[in-house]
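Please look over the sequence and the structure shown here before reading on.

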Amino acid sequence: MLAFFLGAGASVECGMPLVWPFTTIFRDNILKRIDTKLFNFSGNEKIKDRFVEIIGNTDMHYEQMVSELEKWRL
């Protein structure tokens, strides 16, 4: 049997960012649009503040952010 392991870093050669650089771009783009019509917090500042707290957490990458959002809303 012949097999090989191709890690996520291999995608860099194809122009795909690694997790942390992607997360930075993801975070920056969401936070700069937080007060636009892209998001509807139904006027609830507590929900907006919690969302910003999760997205703004620089200790989490985007998959962890999504997990936290799912746990919070479920």
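**Around Arg27**

Leaving aside its neighbours within four places in sequence, Arg27 is in contact with Ile55, Gly56, Asn57, Thr58, Met60 and Met65, where contact means heavy atoms within 4.5 Å. This is a predicted model, in which local features need pLDDT of at least 70 and side-chain atom pairs count only at pLDDT 80 or more, while totals for chains, interfaces and linings use all residues. Residues are numbered from 1 along each chain as its sequence is written, and side-chain values use heavy atoms, with hydrogens and water left out.

Arg27 belongs to helix H1; helices here are DSSP runs of H or I with at least four residues, numbered from the N terminus. At 8% relative accessibility Arg27 counts as buried, a term that stands for under 20% relative accessible area, with exposed meaning over 50% and partly exposed in between (1.4 Å probe, protein chains only). Between Arg27 and Val52 the C-alpha to C-alpha distance is 9.5 Å, although they are 25 residues apart in sequence.

Helix H1 (residues 19–31) and H3 have axes that come within 9 Å and cross at roughly 55°, the axes being lines fitted to C-alpha atoms over the stretch in contact, with angles from 0 to 180 degrees between N-to-C directions. H1 and H3 are therefore oblique to each other, since angles under 35 degrees count as roughly parallel, over 145 as roughly antiparallel, 65 to 115 as roughly perpendicular and the rest as oblique. On the H1 side the contact is made by Val19, Trp20, Phe22, Thr23, Phe26 and Arg27, and on the H3 side by Tyr62, Gln64 and Met65.

In H2, the buried residues are Lys48, Phe51, Ile54 and Ile55. They cover an arc of only 130° around the axis, which puts them on the same side of H2; the arc is that of the directions from the helix axis to the C-beta atoms. Lys46 and Glu53 are exposed on the other side of H2, whereas H1 and H3 are included in what covers its buried residues.

The largest nonpolar core has nine residues, namely Ile30, Ile34, Phe41, Phe51, Ile54, Ile55, Met60, Met65 and Leu69, such a core being a set of buried Ala, Val, Leu, Ile, Met, Phe, Trp, Tyr and Cys residues joined through side-chain atoms within 4.5 Å. Helix H2 (45–55) and helix H3 (62–73) each supply at least two residues of this core, and H2 gives the most, with three.
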